[in-house]
Amino acid sequence: MTFTRIKYAFSLVVLGVFLVSLTDFPKKLYLDWRTYGGNSENNKYSDLKQIDTSNVDQLKVAWVYRSENGDSTRFGPMESNPIIIGKTLFAVSAKLKLFAIDAATGKRKWEFNPADSSTNRTWYENYATPMNRGVAYWTEGDDSRVLFACGNIVYAVNATTGRLVPTFGKNGGVDLREGLGRDPKTVSMSPTSPVLIYKNLFITSGLNGGYTPGDIRGFDVKTGEQKWAFHTIPYPGEFGYDTWEDKTAYQRLGSTNAWSGFSLDSKRGILYAGIGSPTNDMYGGARLGKGLFGNCLVALDAQTGKRIWHFQTVHHDVWDMDVSSPPALLTLTRNGKKVDAVAQTTKTGMIFVFDRVTGKPLFPIKEIPVLTDGVEGEKLHPTQPFPVLPKPFARQILTEKDLNPLVSAEEQEQIRQRFRTYRSQGIYTPPSEQGTIILPGYDGGGEWGGPTVDPTSNILYVNANEMAWVQTLVRMQRGGKKLTNLEAGSFLYKKNCMICHGPELLGSGDFPKLIGVDQKYTLDQFNQLLKTGKTRMPGFAQLSLEEKTAIGSFVLNLKAEQEKPYTGRAIESKDPSKPDYSFTGYNKFLTKDGYPAISPPWGTINAIDLNTGKYVWKIPFGEFEELKKKGIPTTGRENYGGSVVTAGGLLFIGASADGKFRAFNKKTGKLLWETDLPAAGVATPAVYAIDGRQYVVIACGGSKWDRKRSSDAYVAFTLPEK
């Protein structure tokens with residue numbers, strides 16, 4: 001090649017680079033939405049800016065994908081954050097079928113139904129949980145896989161064909177009940193968040209039965225072989241073992257799981273996980289001590305599972321204040337230097353910010369004395385950690401002046417009288433038999449949608465609930481006599497089931513009543529249900545057949561079975577002097593019409609500058625149409641699912657119980673666009689581009705707040721073609 005030709009070719013390259021620089025595409029362009037949360041940092045940020053503050057009001061529906069062909073009868077709301085690889089979108093249907101569609105048109109490419117897998121058919125057909133929040137993608141050469149958790153199985157599905165990868169695990173699936181150090185027949189495991197991919201590993205934990213270990217584990221992504229396990233309840237000799245007074249806790253307790261998923265510093269190979277509280281959620285008399293690694297943010301070596309550092313956000317939790325979301329990774333400036341950081345939002349409404357390498361707090365955290373006068377047998381921790389900044393994004397105390405002012409004077413007085421019967425002395429008021437106000441409530445504060453961070457400004461966005469609940473304990477009465485199935489079933493129901501279904505089987509919070517289930521289940525079917533779990537209910541595989549039969553006789557009102565002698569394991573206390581308590585259920589503090597009994601706002605979006613720890617803006621989020629028609633300003637509503645933020649100046653979010661999808665100006669919080677979804681979008685949206693066109697898509701399955709309005713739809717929006 002002559003010098004002239006070389007010079008000409010070089011000139012063309014330079015010209016091409018120059019022309020690219022003139023386009024509105026940034027240097028770092030996320031065309032795809034490759035992982036849950038958008039990227040391994042889990043910041044839910046997109047560099048795309050074709051849709052911006054000037055044109056977002058022109059958005060229209062690009063396509064609608066009916067994941068169950070229009071059949072909206074389902075197990076529960078869809079919470080999946082889709083991933084988009086190239087021109088293909090992967091997500092999970094209303095009935096837990098994995099699918100691939102054309103991300104530009106919504107046309108189906110393939111579908112994988114777990115019911116077609118012999119590994120999981122019975123469980124899927126009868127007991128599948130709806131809480132699948134996404135899938136993961138791995139590729140090497142010509143081998144591309146989607147990893148998908150359904151029940152106790154993680155499947156590897158060929159990303160092109162939708163068929164199981166037969167060399168993975170057993171016939172394409174890995175049974176997560178194995179490898180936990182306990183009899184697989186006695187444990188229950190069902191991840192709700194997607195696995196995380198690191199090199200040739202996939203990492204998972206998940207929703208598990210109350211007596212199933214919540215260990216974080218790494219597996220070979222090609223073979224499914226377990227490579228490591230981080231014990232969230234430490235074994236003898238492991239760090240944290242001495243934080244449990246009962247040295248057998250690792251053998252008998254469970255939960256303590258990373259059910260909300262993970263974030264990853266892929267450059268350093270550091271995995272970050274928030275961990276939930278140990279069993280029993282509301283009474284800690286049988287698990288005294290700080291109880292590591294319950295309620296911790298942990299940093300692990302992703303290759304080996306070895307602990308690097310941890311921080312416990314609640315000591316000896318008895319308020320169900322799980323670390324409820326993956327943290328977000330970002331880079332802050334401190335004393336003129338760049339510091340890689342990790343930010344964790346919590347149900348308590350607090351935000352903890354750390355150096356992601358060392359675990360050093362980047363805002364001071366103080367251990368502040370709290371009340372410790374709990375019920376008999378309890379030993380509450382004398383202090384709890386409170387960050388100095390940022391200030392909590394949700395209220396942490398309820399007083400009479402904070403009660404609902406929107407009801408009649410007569411009902412206001414009734415609410416005051418009810419309130420005066422409860423303990424309400426601020427966050428960490430001890431659980432009680434009289435009833436304790438829990439604020440922030442069991443749903444937060446912050447929930448599993450987690451924070452969104454704009455890396456160009458270091459502003460963190462978090463949507464929050466402000467709902468008070470009433471926590472009531474009841475002392476369990478054990479008898480030394482021989483019991484009937486009815487007597488044993490009543491006791492075992494209170495111990496295992498009352499927390500969700502209430503003392504009178506009438507349900508509590510968002511959990512269904514059990515009156516009339518005898519018309520739906522035989523005793524054998526009910527026993528199988530207890531073993532495997534269903535929808536939001538974990539399995540109770542640790543219960544013996546005799547124990548399940550006793551509960552079944554009580555719940556199903558089987559007179560002949562109730563009169564039989566109970567032949568199961570003794571349930572009398574080995575130490576009659578040692579108390580035991582159960583929990584009467586998830587009961588909200590409500591008005592007679594079902595509104596929160598506290599003053600608005602009942603849901604918010606918060607924008608916080610993590611450079612300074614100061615708020616940029618805070619707005620009510622969500623509305624009740626009937627209150628709006630009465631001229632009542634926006635009250636906010638309960639919400640689930642997260643937001644996404646874009647380089648176009650926008651924050652997109654569904655999440656609210658009112659079923660709308662909205663776009664806000666990320667700098668000011670001003671509402672720029674909203675539309676009604678087919679059903680509530682209690683999920684995190686995804687943002688992507690194909691052939692130079694930007695889209696935003698969200699799952700619209702409906703919510704637990706409105707069971708009559710449901711859908712199987714994924715809806716994508718884009719700008720009109722010019």
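# Sheet, salt bridges, burial and cavities

Colleague: In what order do the 4 strands of the open sheet stand?

Modeller: The order is β17-β18-β19-β20, with antiparallel pairing. This is a predicted model: local features need pLDDT of at least 70, side-chain atom pairs need 80 or more, and totals for chains, interfaces and linings use all residues. Residues are numbered from 1 along each chain as its sequence is written, and side-chain values use heavy atoms, without hydrogens and water.

Colleague: Why do β17 and β20 count as edges?

Modeller: β17 (262–265) and β20 (307–312) each have a single partner strand, so one side of each has no neighbour in the sheet. From one strand to the next, the twist averages 15°. Such angles run from 0 to 180 degrees between N-to-C directions, with axes fitted to C-alpha atoms.

Colleague: How do you know that β19 pairs with β20?

Modeller: Two strands pair if DSSP finds at least two bridges between them. β19 (residues 296–301) and β20 are joined by 5 bridges, so they pass. They run antiparallel. Leu297 stands opposite Phe311 in β20.

Colleague: How many bridges join β7 to β8?

Modeller: There are 5, and the two strands run antiparallel. β8 covers residues 143–150. Strands are DSSP runs of E, at least two residues, while helices are runs of H or I, at least four; both are numbered from the N terminus. Asp143 in β8 is the bridge partner of Glu140. β7 and β8 form a hairpin with 2 residues between them. In that turn, Gly141 has a positive phi of about 60°.

Colleague: Why is the contact of Arg34 with Asp32 called a salt bridge?

Modeller: The rule asks for a side-chain nitrogen of Lys or Arg within 4 Å of a carboxyl oxygen of Asp or Glu. The closest N and O atoms of Arg34 and Asp32 are 2.9 Å apart, so the pair qualifies. By this rule the count comes to 30 salt bridges.

Colleague: Is Arg34 buried or partly exposed, and what makes it so?

Modeller: Buried means under 20% relative accessible area, exposed over 50%, and partly exposed in between (1.4 Å probe, protein chains only). Arg34 has 37%, so it is partly exposed. Asp32 has 17%, so it is buried.

Colleague: Which parts of the chain does the pair Glu79 and Arg133 link?

Modeller: Their side chains meet in a salt bridge, at 2.8 Å from N to O. Glu79 is in the loop between β2 (60–66) and β3 (83–85). Arg133 is in the loop between α2 (121–127) and β7 (136–140). The two are 54 residues apart. Glu79 has a relative accessible area of 8%, so it counts as buried. Arg133 is at 4%, so it too counts as buried.

Colleague: What do Lys588 and Glu638 tie together?

Modeller: Their salt bridge spans 2.9 Å, N to O. Lys588 lies in β32 (residues 587–588) and Glu638 in the loop between α10 (625–629) and β35 (643–646), so the pair ties together parts 50 residues apart in sequence. Lys588 and Glu638 are both buried. Elsewhere, salt bridges that share partners join Asp265, Arg268, Asp340 and Arg356 into one network.

Colleague: Why is α8 called mostly covered?

Modeller: Of its 11 residues (545–555), 9 are buried. Among them are Glu547, Lys548, Ile551 and Phe554. Asn557 follows α8, and its phi is positive, near 55°.

Colleague: How do you know whether Thr161 is exposed or partly exposed?

Modeller: Its relative accessible area is 36%, so Thr161 is partly exposed. Thr161 lies in the loop between β9 (153–158) and β10 (173–175). Thr161 and Arg145 are 16 residues apart in sequence and 9.8 Å apart in space, C-alpha to C-alpha.

Colleague: What makes a space a cavity?

Modeller: On a 1 Å grid over the protein atoms alone, a cavity is a set of points where a 1.4 Å probe fits but cannot get out; lining residues have an atom within 4 Å of a point. The structure holds 10 cavities of 30 Å³ or more. About 80 Å³ lies in the largest cavity, a volume being the space filled by probe spheres set on the points.

Colleague: How does the lining of the largest cavity divide?

Modeller: There are 8 nonpolar residues, 3 polar and no charged. Trp319, Met321 and Tyr428 are among the lining residues. Asp, Glu, Lys and Arg count as charged. The second largest cavity holds about 50 Å³. Its lining includes Arg182 and Asp215, so by that rule it has charged residues. The division there is 6 nonpolar, no polar and 2 charged.

Technical notes:
1 Å grid on protein atoms, 1.4 Å probe; cavity = no way out; pocket = protein on both sides within 12 Å on 5 of 7 lines; lining within 4 Å.
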